[in-house]
Amino acid sequence: MARVKGKAAASGIGVGVGLMVVLALLVTGCGAVRSGLDNAGSLPGTSSPATLAATAASASGPLAGPGPQATYRVQRQPAPGTCHYVVLSAAAGDYLPDPHCTPGATNPRVTQADLASTVCRSGYTASIRPPAGITGREKKASEAAYGFTGKASTTEYDHLISLELGGDPNSALNLWPEPNKTRAAGVNNPKDRVEDTLKALVCNAVHKKAYLPLAKAQYLIATNWTTAIATAQTELVG
């Protein structure tokens, strides 16, 4: 997850074309509503929105991101109104991002072999998290891309594949404005618990217990975080 002030690759595993179609069909009542925020040409970045969209549309699951940077730069987002939430239950806060805009991106510096020195080490995620000055500007543009018109204080600029699961810190393909439960006053997303549970299962590998492979955890949370825990219990190794 990524937070800003004011509240703001999975190797060898792919998402089947059929799943992508199902996710697209789940989108209901989320038309391209413009938020009035304008990021056209105003944000410096390494990739244009058109390039991001084309890359994501051709992907079959999480992509490999650029990884942690010595100096983070504001990344461009898709054009306003071009991304759509998959609404499973607004009351429960069960939203999925648009798989074409936000398929998930992994941190190439985190692998199954180095869990002990990366995500399973205390303090690792804080060492690679982009500063709020960067993510705050990205969040506004991402909200416009998703047509979000509610209170920004009720959305979290969320890493789809969380940093603690080896998600890329600042790829636009791994970040989205995650809405909260209906009528929520602040940010308290159910996805956070899923991230913590999956991390514990992944890090069991370090402690020689039955564990969830890192790549599988990344795949599960990127494709449907609402079912990730239940599925993970059937995918343990050892």
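Helices here are DSSP runs of H or I with at least four residues, strands are runs of E with at least two, and both are numbered from the N terminus. What we are looking at is a predicted model, in which local features need pLDDT of at least 70 and side-chain atom pairs count only at pLDDT 80 or more, while totals for chains, interfaces and linings use all residues. Residues are numbered from 1 along each chain as its sequence is written, and side-chain values use heavy atoms, with hydrogens and water left out.

Let me start with helix α4, which runs over residues 132-145 and so has 14 residues. From its first C-alpha to its last, α4 reaches 19 Å, close to the 20 Å expected at 1.5 Å a residue, where the expected span is 1.5 Å times one less than the number of residues.

How many residues of α4 are buried? Taking buried as under 20% relative accessible area, exposed as over 50% and partly exposed as in between, with a 1.4 Å probe and protein chains only, ten of the 14 are buried, and the helix is mostly covered. Just after α4, Gly147 takes a positive phi of about 65°.

Now to the disulfides, each defined as a pair of cysteine sulfur atoms within 2.5 Å; by this rule the count comes to two.

Because Cys83 lies in the loop between β1 (63-64) and β2 (86-89), and Cys101 in the loop between β3 (94-96) and β4 (105-106), the pair ties together parts that are 18 residues apart in sequence. Cys83 and Cys101 are both buried.

Cys120 and Cys203 also form a disulfide, with their sulfur atoms 2.0 Å apart, and this link, with -95° about the S-S bond, is left-handed. Cys120 sits in the loop between β4 and α3 (124-128) and Cys203 in helix α5 (residues 191-203), so this pair ties together parts that are 83 residues apart in sequence. Cys120 counts as partly exposed, at 23% relative accessibility, whereas Cys203, at 8%, counts as buried.

Counting bonded cysteines along the chain, the disulfides follow the pattern 1-2, 3-4.
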